[in-house]
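Trainee: I have a structure to read and some questions about it. Can we go through them one by one?

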Amino acid sequence: MYYLGIDIGSLSCDAVLINGGSTIVASAVVPTGARNREAIARATDEVLRIAGIARADVAAVVSTGYGRDRVEERLSSVTEITCHARGITALLPGTQLLIDIGGQDSKAILLGKEGNVIDFAMNDKCAAGTGRFLEAMARALQVDIDDMADMDIGAEGKQSISSMCTVFAESEVVSLIADGAPVNEIVMGLNRAIAARILSLVKRTTLQYPDMKVAMSGGVARNAGVVRAISFLMDREVSVPKKPDTVGALGAAMIAKEKNASRRPVVSA
Amino acid sequence: MMKEYFTDLEEGIQGAIRGGNSSPKKFYTLELARLGRRLYSGTDAIAWCGITAPFDLLNAMGVTSCFVEFIGAMLASTGVVGSFIEETDHTGYSSDACSYHRSVSGAAIKGMMPVPEFLIGTTNPCSGGLAVLENLACRFGKELFVLHIPQNDSAGNVRFLADQMREMVAFVSRITGRKLDNDLLRKTVENSNRACGIMREIFALARHVPSPAASRDLSNFGIVMALFLGGEQAVAIAGAYRDEFRRRIDAGDYGKSGGKFRLLWIQNRIQFRHGLEKMLEEEYGTSIIVDELNDITWDDIDPENPYDGFARRSISIPFNGTMARRVEHLKKLAREYRIDGAVNPCNWGCRQGTGARGLIENGLKEIGVPVLNLEVDCVDSRKFTEGQFRTRLEAFMEMLATRPPLWR
């Protein structure tokens, strides 16, 4: 039997399929777009295709992410905070502090030994410093967002971005370009602005972070420059799993397996 | 418009009660409707006040008095607050300021606040509220009397505030032409003490495990009941709640939540309609069983010498004084009610809410109670995205489910 986790976020819909031994069999990331039910279907079809199994082979589905209640076939829905915690513990055991930056929110999650959430803090009021923010900045810089990951290399950290309001930061970036500021310095300034914002969430959650094993998940973790900036400000190594954007879906798949087991009657031999 | 609204509300609730559909909440809401009708009647002597004004003393002087934030909450609950807030913003108020006060100012600008005979400001709990009262005093051309509330309960401070309250009585007499009847004052104080005694019983019953209190039962209760103190109606409302809570405990009727988790709500509730409390009860078996301001923090007032008691009461409000005192009060509530978790909405623009949140969080964590900090504008529904708050509350519930029980 297989277990499916679906994480439907504002930017991407991620699906992870695991088998009865909790091994990842397939994963997929598709853009969410305007119609999230279509994205759910596409991500589901993709993991089934990769695994070479039929829908009937999936014993249980758990959904997470902001669109979690849109997954009609779910056994239950669980928040992304819990799912990312479970997912990262499976991928990077011993993680004590998880930083998750997705399309429209960012979180610092303090973890127990079993991947349980001890405490968490999320961004308030606005989505500055998240995936949407990076998208807007890439647009202002007229570069591909994936190319931004290494554009800070060689910068000395001379340029700070003073505003974290996405609209104001975008015009600030445009002004800096017009003033001839080096692009790598601008990108490093943006990365450090994001890192400073996440550091305040970390500090709200725990002040013990300098002694903790820290990991990062979510789509923004694919941006090595942001990870470097967070690592720099925290003065800690920040570990990133191979597919950071599927961590939440993995956690959901693992919860699906657990919940499926608990709903079945125990039959003694 | 407001007079008709409150009249319709009053008649609707009375009809429901006559039809056998009564509950403590209905009696409480009926009294709110009556207060609203009197405020907008055009015939009653009314006074706009700060939250910690001695409303029973004003009631004894025949003045229909109300704290201005009541109007903000009422406009929010009826879903029409946006246009009033915009009106205030047009005058240059910062949109980051407290929406209770912005909505009140907007209501005054749009002619929705009845002209009072006078205003009573209080320096506790916030300077923003006092500023609104000063604005209203200028707008209406009416006199404002300010009660300067000391921060500590010392003999000198009590005397200082009691003397101000005597001056306030003289001020009210000068404006209304009515003298304070000492027999009526004595009766008023006795009624206040009776109501507060019953409220202590209600709160003791709410501490029962499981709690008979559903999330909405005592929403805004403590702060609003202060408006009714001194009258028989406060005694009747409190008695109805006490009897209902006793009945629920005797019948094992603990509502939809079943009491899996017990929450403490810090500061004020979200005043407009939303689905979060229902979600907590129905999906997570969780009830908000106590609010920060649902507590009687003062002793009975001596009917023969009420001013010292009035003064001690105003000084005792947990929002008065240092944050350390407020945190100790929250810890006391958490222990008494065996709270699993606390929610702090940190109302936008409120220094009490946002300024204290780190201290409150750390204080409650010291005794093992986790705190969920939200950033909610509790009045302006236009800033509310329910999905964001659902996620935070749901994650908090999921977290509580993995923790060992704190009190058992």
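Mentor: Start with a helix. This is a predicted model. Helix α4 of chain B spans residues 69-77 and is mostly covered.

Trainee: How many of the nine residues of helix α4 of chain B are buried?

Mentor: Buried means under 20% relative accessible area. Among the residues of α4(B) that pass are B:E69, B:F70 and B:I71. B:G72, B:A73, B:M74, B:L75 and B:A76 are buried too. The count for α4(B) is eight of nine.

Trainee: Which residue takes a positive phi just after α4(B)?

Mentor: Look just past the end of the helix. The phi there is about 80°, and the residue is B:G79.

Trainee: Now a helix in chain A. Which residue caps the N-terminal end of α6(A)?

Mentor: Helix α6 of chain A covers residues 224-234. Look for a side-chain oxygen close to a backbone nitrogen at that end. The nitrogen belongs to A:G225, and the oxygen lies 3.0 Å from it. The capping residue is A:N223.

Trainee: What covers the buried residues of α6(A)?

Mentor: The buried residues in α6(A) include A:G225, A:V226, A:V227 and A:A229. A:I230 and A:M234 are buried as well. Their cover in chain A includes β6 (97-101), α3 (131-141), α5 (183-205), β9 (214-217) and β10 (238-239).

Trainee: Which residue follows α6(A) with a positive phi?

Mentor: Again, look past the end of the helix. The phi is near 55°, and the residue is A:D235.

Trainee: What does B:F221 touch?

Mentor: Leave out residues up to four places away in sequence. B:F221 then touches B:Y28, B:M199, B:I202, B:F203, B:I237, B:Y241 and B:N294.

Trainee: On to the two chains. How much area do chain B and chain A bury between them?

Mentor: The size of an interface is often given as the accessible area lost when the parts come together. Here 17 residues of chain B are in contact with 19 residues of chain A. Carbon and sulfur atoms hold 45% of the buried area. The total is about 1,500 Å².

Trainee: Which residue of chain A meets B:K365 in a salt bridge?

Mentor: Side chains of opposite charge can pair when their charged atoms come close. Between chain B and chain A the count is two salt bridges. In one of them, N and O are 2.5 Å apart, and the partner of B:K365 is A:D119.

Trainee: Which helix gives the most to the side of chain B that touches chain A?

Mentor: α16 (357-366) and α17 (386-401) of chain B each supply at least two residues of that side. By class, the side has five nonpolar, three polar and nine charged residues. The top contribution is nine residues, from α17(B).

Trainee: Is A:D100 buried or exposed?

Mentor: The side chains of A:D100 and A:K107 meet in a salt bridge at 2.6 Å, N to O. A:K107 has 2% relative accessibility and counts as buried. The relative accessible area of A:D100 is 2%, so A:D100 is buried.

Trainee: How far apart in sequence are the parts tied together by B:R174 and B:E143?

Mentor: Their side chains meet in a salt bridge at 2.8 Å, N to O. B:R174 lies in helix α8 of chain B, and B:E143 lies in the loop between α7 and β4. The pair therefore ties together parts separated in sequence by 31 residues.

Notes
Residues numbered from 1 in each chain as written. Chains lettered and ligands numbered in written order. Predicted model: local features only at pLDDT ≥ 70, side-chain atom pairs only at ≥ 80, totals over all residues. Heavy atoms only, no water. Contact = heavy atoms within 4.5 Å. Buried < 20%, exposed > 50% of the residue type's maximum accessible area, 1.4 Å probe, protein only. Helix = DSSP H or I, 4+ residues; strand = E, 2+ residues; numbered from the N terminus. Polar contact = N/O pair within 3.5 Å; in protein donor to acceptor, adjacent residues only side chain to side chain. Buried area = accessible area lost by both parts, 1.4 Å probe. Salt bridge = Lys/Arg side-chain N within 4 Å of Asp/Glu carboxyl O. Nonpolar A, V, L, I, M, F, W, Y, C, P; charged D, E, K, R; others polar.
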